[in-house]
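Dear colleague,

I am passing on the structure below, together with notes on a few of its helices, loops and contacts. Please read the notes with the model open beside them.

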Amino acid sequence: MSELQIGLIALGVLLILLVLGFNWWQDRRVRRRMQAHFPASEQDPLLGAGEAARAARREPGMGHDGQPDAAVPAQAAQASPAPESDDPEEPDPAVEVVLEIHFAEPQTGAELLPYIQSLRQVGKKPLRFFATTDRGRHRSRIRAEESYSTLQLAILLANRSGPLTAIEWSQAWARAQDLADRFEGSLEGPDQQQVLEQAVSLDGVCAALDAQVGLTLLLGSAQPAAEVLSVAREQGFAAEGARLAWLADGGEVRFTLARGDGAAFDAGMGGIERLSLLLDVPCSPPDERAFGRMVDVGRHLAQRLRAELVDDQGRPLAQGAEQVIDGQLQTLFERLDQAGLSAGGERALRVFS
């Protein structure tokens with residue numbers, strides 16, 4: 001047999017193997033799509049229907065407890081599991097813009113999580129992820145054991161760093177496109193110019209409603225940080241990162257106490273000469289004595305620490321200043337409500353961050 005004949009035979013065998021491999025791949029792809037739309041069941045559907053019919057036709061009889069068996073189907077129906085429910089948290093269209101990825105085939109949370117866990121912000125704007133399962137349920141948290149047909153990226157339009165910029169929007173789009181490419185999905189989102197205009201508008205509203213009121217405690221000479229921290233905790237402050245927080249009954253932060261140098265209270269061995277009390281108005285719950293309450297606590301702290309309480313301009317508090325400022329803050333609380341940014345609410349905490 002000549003070398004030409006051997007070569008032709010080898011080429012023919014290779015072509016046959018390629019055809020078989022391509023057919024196998026096509027068959028496997030079709031099966032995966034069918035399984036995604038028609039979940040597999042361990043029980044034959046025809047057999048299950050027959051058993052259900054026989055159960056419905058059971059002749060009346062006596063159960064083990066002497067009661068008619070007719071009560072059993074009703075009890076079984078009550079014991080059946082409740083249907084799946086949607087997660088309540090959703091993207092907020094008033095302050096977020098959404099990019100949506102539609103997958104060609106459902107993707108498991110276990111496959112998606114490694115790619116989204118480190119994706120928490122673009123520039124200075126945080127991201128949130130939402131998804132729709134292959135059973136049509138809305139999720140605000142990706143679960144490894146579920147499969148998803150769509151994935152949404154919600155990007156904050158504005159915060160105290162300013163409105164969403166063209167660069168931040170481009171970064172968000174690029175990362176969403178990368179996710180779509182990795183999992184054979186298609187990306188949908190609004191027009192960039194529309195998004196940027198909405199971001200600037202929201203930023204303007206927030207800037208007009210933003211307010212922070214501060215007080216300062218001048219300790220005179222440096223006092224040990226451990227002693228200052230102990231006194232603050234005895235007064236009722238709770239730890240919150242590097243700061244201490246005065247909490248409302250519901251656990252919301254009313255105002256905070258921080259070292260004048262910005263360091264944590266337990267940082268280093270140096271003493272403390274100055275403390276700052278801060279009322280972040282949009283981020284604190286409405287209170288008729290929002291400022292007056294902080295003044296009361298500040299005065300008690302000043303007595304315990306032998307300190308002087310002054311305003312944010314370094315001047316002693318004028319008599320009756322609390323009532324005047326609290327009246328102004330009530331107007332601001334009302335304006336925040338009217339703008340849909342209720343003080344201390346989730347939306348306000350998001351944009352005034």
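In what follows, a residue is called buried when its relative accessible area is under 20%, exposed when it is over 50%, and partly exposed in between, with a 1.4 Å probe and protein chains only. Helices (H or I, at least four residues) and strands (E, at least two) are DSSP runs, numbered from the N terminus. This is a predicted model, in which local features need pLDDT of at least 70 and side-chain atom pairs count only at pLDDT 80 or more, while totals for chains, interfaces and linings use all residues. Residues are numbered from 1 along each chain as its sequence is written, and side-chain values use heavy atoms, with hydrogens and water left out.

I begin with helix α5. The face of α5 turned away from its buried side carries the exposed residues Ile167 and Asp181, whereas the buried residues of this helix are Glu168, Trp169, Ala172, Ala176, Leu179 and Ala180. Seen down the axis of α5, these buried residues fall within an arc of 115° (the arc of the directions from the helix axis to the C-beta atoms), so they line one face of the helix.

Two loop residues deserve a look at their backbone. Most residues other than glycine have a negative phi. Glu184, in the loop between α5 and β8 (185-188), has a positive phi of about 50° although it is not a glycine, and it is exposed, with a relative accessible area of 57%. Arg306, in the loop between α8 (290-305) and β14 (308-311), likewise has a positive phi, of about 55°, and counts as exposed at 60% relative accessibility.

Next comes a helix pair. α8 and α9 (residues 321-338) pack at an angle of about 140°, with their axes 7 Å apart; axes are lines fitted to C-alpha atoms, for helices over the stretch in contact, and angles run from 0 to 180 degrees between N-to-C directions. In this contact (heavy atoms within 4.5 Å), Ala290, Phe291, Gly292, Val295 and Arg299 in α8 meet Glu322, Ile325, Asp326, Leu329 and Phe333 in α9.

Finally, Leu156 is in strand β5 (residues 147-156) and counts as buried at 1% relative accessibility. Leu156 and Asp92 are 64 residues apart in sequence and 9.0 Å apart in space, C-alpha to C-alpha.
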